[in-house]
Amino acid sequence: MKDMNTFCVEMFENNTVQPSLGILMTTAMGNTLQSDGTYRMAPRSEADFILKGTVTHIKRESLRTDPDDTYVSSEIGLTVYVSYEVVDRRTGKVIQKGSEEATGNYFNQDVNTVSAMDSALSYASRLVAEDIVFNLTNP
């Protein structure tokens, strides 16, 4: 992405039933791009490129079962799937597009399961953002 210095991250669409996952992914993308330092954040009207994306789905997978009851998962993996595209703001041309996925795990211990699941989704979103930024900064 030669001659690109500034970016804007549009709100990621969320095609899952998990509330606020689009917001979580958008935040992770903005933070990761800023932390990398290759590009500077700018308002949409001034950005060289715009990053758009969609959280397409989540896959839940039992990673470990309870030793006393094999029907109960004690550790669960949440894989987040994201598609994205980078658009040149001036021309509207798609510069790059792709998809990434990452997994975050949580333990199902009947205490704060929702909080643990949110943390796993946050972790997976950050991993996806890191992979996308790597793709953008390493041609």
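Reader: Is Glu-75 buried or exposed?
Author: Buried. In this predicted model, the relative accessible area of Glu-75 is 8%. Buried means under 20%, so Glu-75 qualifies.

Reader: Which side chain does Glu-75 meet in a salt bridge?
Author: That of Arg-64. The N to O distance is 2.8 Å. The pair links distant parts of the chain, with Glu-75 in strand 5, residues 69-88, and Arg-64 in strand 4.

Reader: How many salt bridges does the structure hold?
Author: Four. One of them joins the side chains of Glu-10 and Arg-44, at 2.6 Å from N to O.

Reader: Where do Glu-10 and Arg-44 sit?
Author: In two loops. Glu-10 lies in the loop between strand 1 (6-9) and strand 2 (13-14). Arg-44 lies in the loop between strand 3 (40-41) and strand 4 (49-66). They are 34 residues apart, so to speak in distant parts of the chain.

Reader: How accessible is Glu-10?
Author: Glu-10 is at 23% relative accessibility, which counts as partly exposed. Arg-44 is partly exposed too, at 43%.

Reader: What are their relative accessibilities?
Author: Arg-126 has 38% and is partly exposed. Glu-130 has 34% and is partly exposed as well.

Reader: Now Arg-90. Where is that one?
Author: Arg-90 is in the loop between strand 5 and strand 6 (94-107). Its relative accessible area is 53%, so Arg-90 counts as exposed.

Reader: What does the side chain of Arg-90 make a polar contact with?
Author: With the side chain of Asp-48, at 2.3 Å. Along the chain, Arg-90 and Asp-48 are 42 residues apart. Their C-alpha atoms are separated by 7.2 Å.

Reader: Let's zoom out. How many helices and strands does the protein have?
Author: Two helices and six strands. Along the sequence the pattern reads β-β-α-β-β-β-β-α.

Reader: What box do the C-alpha atoms fill?
Author: Roughly 60 × 25 × 25 Å, along the principal axes.

Reader: How much of the protein is buried?
Author: Buried residues make up 40% of the 139 residues.

Reader: And what about the surface?
Author: The accessible surface is about 7,900 Å². Carbon and sulfur atoms account for 47% of that surface.

Reader: How many positive and negative charges are there?
Author: The protein has 12 positive and 19 negative charges.

Reader: Last one. What share of contacts joins residues at least 24 apart?
Author: 66%, counting contacts between residues at least 6 apart in sequence.

Technical notes. Residues are numbered from 1 along each chain as its sequence is written. This is a predicted model: local features need pLDDT of at least 70, side-chain atom pairs count only at pLDDT 80 or more; totals for chains, interfaces and linings use all residues. Side-chain values use heavy atoms; hydrogens and water are left out. Helices (H or I, at least four residues) and strands (E, at least two) are DSSP runs, numbered from the N terminus. Buried means under 20% relative accessible area, exposed over 50%, partly exposed in between (1.4 Å probe, protein chains only). Contact means heavy atoms within 4.5 Å. Accessible areas come from the Shrake-Rupley method with a 1.4 Å probe; for residues, only the protein chains shown count as cover. Lys and Arg count as positive and Asp and Glu as negative; His and the chain ends are not counted. The place of a charge is taken as NZ of Lys, CZ of Arg, CG of Asp or CD of Glu. A polar contact is a pair of N or O atoms within 3.5 Å; within protein, one must be able to donate a hydrogen and the other to accept it, and residues adjacent in sequence count only if both atoms are side-chain atoms.
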